[in-house]
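Hi everyone, thanks for coming along. Please have a look at the sequence and the structure on the screen, and then I'll walk you through a few places in it.

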Amino acid sequence: MSLTIPSIHYLAILPVLILFGGAVVLLGLTALVRGALRTSVATGITLLAATGAFVAGFFQWADLDRHGPSTTIAHAIVLDGFSVVASAVVAVSLALATLVAHDWFRREGVRGAEYHVLAMATAAGAVLMTQANDLIVIFLGLETLSIGLYVLVAFDRHRGASAEASLKYFLLGGFASALFIYGAALVYGATGSTNLSTVSYFLGSNVILRPGLLYAGGALLLVGFAFKVAAVPFHQWSPDVYEGAPTPVTGYMAAIVKVGAFAALIRVLISALGTQMTTWRPILWALVVLTTIIGASLAVVQRNAKRMLAYSSINHAGFILLGVWAASARGSAASLFYLATYAPVVVATFAVVTLVGGPGDERHTVDSYRGLARRQPWLGAALGILLLSQLGAPLTTGFYAKFAVLAAAVDGGGGPLALLALLGAAIAAFFYLRWTIVLYAESPEGATSIPVPRATALAIGAGVAVTLVFGVWPGPLATLAQHATVLFTS
Amino acid sequence: MHSSLWLTVLVWLPLLGAAAALLARRRPGAPYAVAVATASVELALSLVVAVLYNDHLAGAHTFDFVGRWVLAAPFGLAYDVGIDGISLLLVVLTALVVLLALLGARERRSEAAFVGWLLMLTTFTMGSFVARDLLEFFIFFELTLVPSYFLVAHWGGAQRSRAALKFFVYTFAGSAFLFTGLLYLGFLHQHQAGGSLTFADAALASTSMSHATAVWLFVAFAIAFGVKSPIWPLHTWSPLAYAEAPTAGSMELSALLAKLGSYGLLRFAVGLLPLALTTVRPYMLTLAVIGIIYGSALAASTPDLKRLVAYSSLAQMGFVTLGIMTGSTIATTGAVLLMFNHGVITAGLFLLIGYIERRRGTATIADLRGMQGPAPVLAGLFTVVMLASIGLPGLSGFISEFLVLVGAFATHAWWAVVATIGVVLAAVYLLWAYQRVFHGQARDVDQIPDVTHRERWVIAPIVAIVVVLGVFPKPVLDRVTPTAHQFVESVTPAGVNK
């Protein structure tokens, strides 16, 4: 039996190779070095890999300009504008989160490079998901991403909550993965392929008389994705996991899981199942309404900053889904734009939460933020701006992100849906603002100022800068997202 | 045609002032000085613009100082400014109120932040009034929320957090309707006209749509503007916010931000969706009249002076809505003038209530009593501003209410009849409140000083405007009428009696 190796376009998978390569090199290094590896070396290698993956994006973009989008490795991997931008977002999230984690290691006295290895591997998984053109490759990326994250969530061995969160995430995540792969099998049964373009071609050229198998498969895929992005009613795990995970990890996973899962979801729904739009759009409609409104409403009653941000992240997932619901090039571009603006903001927000959490990662009640902006005006203002950006205030990227998805939804005939989502945003405004009030309230007696290490400050500064600069001047980012279209659309 | 640079400076100068004030925060007194200087220059500039304004420009309707730049084409985002007779008065009002708020209602606690937010608010308010693009207007309109929220939440009274949150969330939820509506309108226009997405007023006004679409969009717009204005029954945030805000905040909220609502209703809801008018007019007029009567009744029964002005604002803004929705040239002119007059008068009333609070530490009517004896000048000033608010002939409030009612009588007599009762009720609640605050015997007469020289000078411009516009409104009317006429022409279908 001979095995045919399909041709490989190495530039297309360069970011994945760089990130995996970084992980392998670092893993090798830890084995070779006597004693524990210094954190700064691990951080340096991770930053280098993230930068490499980011820069590779430029070469990919130039290649796209010359030759247009392409597929490789038996059409399982796709290189298009969408994947390039989404991979770049993953790389940026990785870099920022690594900076935050670096100081967290110092503070908690943790040594070793396991975190960095896993972070790079998960990032590679996320990048793979953004490029996947085959249900099996999506699954591969999803598992690489998820398994790494299960470990990262459990990383804080001193806190029971961390292990508990990891177990919860593992069980529910494993369940979701199983649903996903079962859905992939059913879709294969219905269409004869797991390749997204082949599925799309099959559905476009055949009339399915008994669509039960296909619908069941599609539904299971959707449920799997809904678990990963924490869309209501599949969101129950997320507040507990967000709360239990070490805070830098929470910020990291909030960013990259969303990027990876949404990119893959868009490809599955728009590329492969685009012909079945009339079937899945009503389901997404309900998901959007539930996710935006319930996510925001439950956030209002939280007292813990991390849980609040978990529900806020659910609310954002609803908005990103809104762009997917639009089922148009504009909609996918809008969702991508939303992800690109949301990722740095959420990592930076959790960076502030990490600092306030203090040694042991314990102080996470909203009351711990009382008077923060009075004691430390810069840190307080930074968090205020990040919260306003998540709220969607104009002059921050959050506004344009919401604008983009809402515009796509209205354009796609979803006026009432856009309105409901916006009312969800109005509810969300309530808890973002209540938090800012606390920030600027009178400082309690005996409150001490929080040390702000340099690397974390850099990450926070980067998040704030991105949201303000592109908030005032959104042109370049918007143009980029507009050109970053999905290759196969039906 | 004048350069749009004037307006650009008017819009962004306060923001620069805010930045300068924050930079100078280490030196005591410096932020305040910077802010007062900025606001003075702003007022001077706005007066120059008002004098230079020329409504006889060919091809620009009655707009002057026009300029448009596209910022981000995919979003349809543009910076597009210009003023006409409708926005002109509000531009002057914006500059005037912020200066008076700074001079008359200084807050010494975290002063740099206070003046910073106030100046920032001026930039956003000014931007809303000069915007000729619906999306640009919306952005500025939304942005006003942030500084006003912080002003209420930090320098307000005991329930400030609740008041600020309620204010923000109400307005934000209302804006959701506006945002959805404007996106819908923008895409409708794009699908018809082709080309890139645009939200320019002139372009959107040419969109053709079905009657039902126009009505739905109007309802969406009216909800957003009705919250801000406020229009009954969307007003419930306002008494709390007005009462809990610091004096400067109450002045800004009632004199300026409320005007954003009625201005938006006139410019965008009526201006862009004239097709809906025949259907929505009776409902809107009814809401306006209910607001007038309901606001007056509550103003008479509230125990707090600031709440009294809040409810009276609800009634007064009811008159504005009445004028806007009546849709004749006279009523529209009256509504625009009333926006300005009400702004000046409520700013004056809140300023005076601020003076009273400073002396007595409370604005609860029952606790005040007998201020006339120890503070006769304060009582006199209060009388003048109050009488203007009642609509006494010879003072500014009269002429605008008169125009609105005359216009309304001609076409919608029954609504006007009921609204007129509101004029009587205004006299009842204000005079009654005056009696309870200023007449009688005060408990601690010696501790009540009369107004200081500084306080007199701050309130003087308001008294001057109230008196001058009451007897000689011609220069102002000359600037408003052509635009009002042209505006009404453009939204009234041919063959309808104006």
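Let me begin with a question: which residues in helix 9 of chain B meet which residues in helix 11 of chain B? From helix 9 of chain B we have B:F218, B:F221, B:A222, B:F225, B:G226 and B:K228, and in helix 11 of chain B they meet B:L257, B:A258, B:L260, B:G261, B:G264, B:L265, B:F268 and B:A269. Contact here means that the C-beta atoms of two residues, placed from the backbone, lie within 7 Å. Sorted by class, the residues of this contact are 10 nonpolar, three polar and one charged. For the classes, Ala, Val, Leu, Ile, Met, Phe, Trp, Tyr, Cys and Pro count as nonpolar, Asp, Glu, Lys and Arg as charged, and the others, Gly among them, as polar.

Before going on, some housekeeping. This is a predicted model, in which local features need pLDDT of at least 70 and side-chain atom pairs count only at pLDDT 80 or more, while totals for chains, interfaces and linings use all residues. Residues are numbered from 1 along each chain as its sequence is written, and chains are lettered from A and ligands numbered from 1 in the order in which they are written. Helices (H or I, at least four residues) and strands (E, at least two) are DSSP runs, numbered from the N terminus.

Back to our helix pair. The axes of helix 9 (residues 211-228) and helix 11 (residues 247-272) of chain B come within 7 Å and cross at roughly 160°. The axes are lines fitted to C-alpha atoms, for helices over the stretch in contact, and the angles run from 0 to 180 degrees between N-to-C directions. Helix 9 and helix 11 of chain B are therefore roughly antiparallel to each other. The cut-offs are these: under 35 degrees is roughly parallel, over 145 roughly antiparallel, 65 to 115 roughly perpendicular, and the rest oblique. The crossing of helix 9 and helix 11 of chain B is left-handed, that is, the near helix is turned anticlockwise from the far one by less than a right angle, whereas clockwise would be right-handed.

Chain A has a helix pair to show as well. Helix 3 (residues 81-108) and helix 18 (residues 454-472) of chain A have axes that come within 7 Å and cross at roughly 150°. This crossing is left-handed, and helix 3 and helix 18 of chain A are therefore roughly antiparallel. On the helix 3 side of chain A, A:L96, A:L99, A:V100, A:H102 and A:D103 meet residues of helix 18 that include A:A455, A:L458 and A:G463. The contact of helix 3 with helix 18 of chain A has seven nonpolar, three polar and one charged residues.

Now, where do the two chains touch? Chain B puts 24 residues into the contact and chain A puts in 28. Helix 7 of chain B gives the largest share of the chain B side, 13 residues. The chain B side divides into 20 nonpolar, three polar and one charged.

Next, the hairpin in chain B. Strand 1 (residues 64-72) and strand 2 of chain B pair in the antiparallel sense over six bridges; a pair needs at least two DSSP bridges. B:G67 stands opposite B:V81. Four residues sit between the two strands, and B:G76 in the turn has a positive phi of about 70°. Is strand 2 (residues 77-83) of chain B mostly covered or mostly open? Mostly covered, with six of its seven residues buried. Buried means 20 or more other C-beta atoms within 10 Å of a residue's own, exposed means 12 or fewer, and partly exposed is in between, with C-beta atoms placed from the backbone.

Finally, some backbone geometry. Most residues other than glycine have a negative phi, and most peptide bonds are trans. A:A74 has a positive phi of about 55°, and it lies in the loop between strand 1 (70-72) and strand 2 (77-79) of chain A. A:A74 is partly exposed, with 14 other C-beta atoms within 10 Å. In that loop there is also A:H75, with a positive phi near 60°. As for cis peptide bonds, one joins A:V232 and A:P233, with omega about 10°, and another joins B:S229 and B:P230, with omega about -15°. A:P233 is in the loop between helix 8 (212-229) and helix 9 (237-244) of chain A, and B:P230 is in the loop between helix 9 and helix 10 (238-244) of chain B.
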